[in-house]
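Please look over the sequence and the 3D structure shown here.

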Amino acid sequence: MSSSQILKGILEGCLLSIISKGEIYGYEMSEKLNQYGFSMVKEGSIYPLLLRMKKEGLVITSQKKLPSGGPKRKYYKLTDKGAEELNEFVQRWELISSSVDRLLREEDQG
């Protein structure tokens, strides 16, 4: 299994977490992911996921003009359903990551 396949399953939860901290636009999300070490995630690859999340009712969008002028930006905000999905993701992630950590530690000692 490639790292990109694993990443696809994790990326939605990471985006939900970033959006849960406040309204944010796409490029800003991409920068945040990069700050946390997700340098393999390109800005253009998150938009299809954000569109799906919007269709599923996990996020809502609004267009806002910049005070400095220029084109409007699409900002994303978490819905109640999105917050529930984030909570479920965190629970699943904790279970999976602790299981993998435990298994890898045993393999190292074995």
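The report below goes from the whole chain to single residues.

## Overall build

This is a predicted model. The protein has four helices and three strands. Along the sequence they run in the order α-β-α-α-β-β-α. A box of roughly 60 × 30 × 20 Å, taken along the principal axes, holds the C-alpha atoms.

The protein has 110 residues, and 28% of them count as buried.

## Surface and charge

The accessible surface is about 7700 Å². Carbon and sulfur atoms account for 53% of that surface. On the charge side, there are 17 positive and 15 negative side chains. The centres of the two sets are 11 Å apart.

## Aromatic pairs

How many aromatic pairs does a search of the whole structure find? The search finds two. One joins Tyr25 and Tyr75 in an edge-to-face arrangement. Their ring centres are 5.4 Å apart, with 70 degrees between the planes. This pair links distant parts of the chain. Tyr25 belongs to strand E1, residues 24-25. Tyr75 belongs to strand E3, residues 73-78.

Phe89 and Trp93 form a pair that is stacked, because their planes meet at 15 degrees, and planes under 30 degrees apart count as stacked. The ring centres of Phe89 and Trp93 are 6.4 Å apart. Both residues sit in helix H4, which spans residues 80-109. They are four residues apart there, so about one helical turn separates them. Phe89 has 14% relative accessibility and therefore counts as buried. Trp93 has 39% and therefore counts as partly exposed.

## Charges over the tyrosine rings

Which residue lies over the face of Tyr75? Lys64 does, at 5.4 Å from the ring centre. The ring of Tyr25 has a charge over it too: the charged end of Arg73 sits there, 4.0 Å from the ring centre. Recall that Tyr25 and Tyr75 also pair with each other, edge-to-face.

Gly82 is placed in helix H4. Is Gly82 buried or exposed? Gly82 is buried, because its relative accessible area is 0% and buried means under 20%. Leaving out residues up to four places away in sequence, Gly82 touches Leu16, Gly57 and Leu58. The C-alpha atoms of Gly82 and Val59 are separated by 6.1 Å. Along the chain, Gly82 and Val59 are 23 residues apart.

Ile6 lies in helix H1, residues 3-20. Its relative accessible area is 42%, so Ile6 is partly exposed. Ile6 and Gly82 are 76 residues apart in sequence. In space, their C-alpha atoms are 21 Å apart.

Ser30 lies in helix H2, residues 26-35. With 12% relative accessibility, Ser30 counts as buried. What does Ser30 touch, not counting residues up to four places away in sequence? Ser30 touches Val41, Lys42, Glu43 and Ile46.

Lys65 is found in the loop between strand E2 (59-64) and E3. Lys65 counts as exposed, because its relative accessibility is 61% and exposed means over 50%. Lys65 touches Gly70 and Lys72, again not counting residues up to four places away in sequence. Lys65 and Ser17 are 48 residues apart in sequence. From C-alpha to C-alpha, Lys65 and Ser17 are 24 Å apart in space.

Technical notes:
Residues are numbered from 1 along each chain as its sequence is written. This is a predicted model: local features need pLDDT of at least 70, side-chain atom pairs count only at pLDDT 80 or more; totals for chains, interfaces and linings use all residues. Side-chain values use heavy atoms; hydrogens and water are left out. Helices (H or I, at least four residues) and strands (E, at least two) are DSSP runs, numbered from the N terminus. Buried means under 20% relative accessible area, exposed over 50%, partly exposed in between (1.4 Å probe, protein chains only). Accessible areas come from the Shrake-Rupley method with a 1.4 Å probe; for residues, only the protein chains shown count as cover. Lys and Arg count as positive and Asp and Glu as negative; His and the chain ends are not counted. The place of a charge is taken as NZ of Lys, CZ of Arg, CG of Asp or CD of Glu. Rings of Phe, Tyr and Trp (its six-membered ring) pair if their centres lie within 6.5 Å; planes under 30 degrees apart count as stacked, over 60 as edge-to-face and the rest as tilted. A charge sits over a ring if NZ of Lys or CZ of Arg is within 6 Å of the ring centre and within 35 degrees of the ring normal. Contact means heavy atoms within 4.5 Å.
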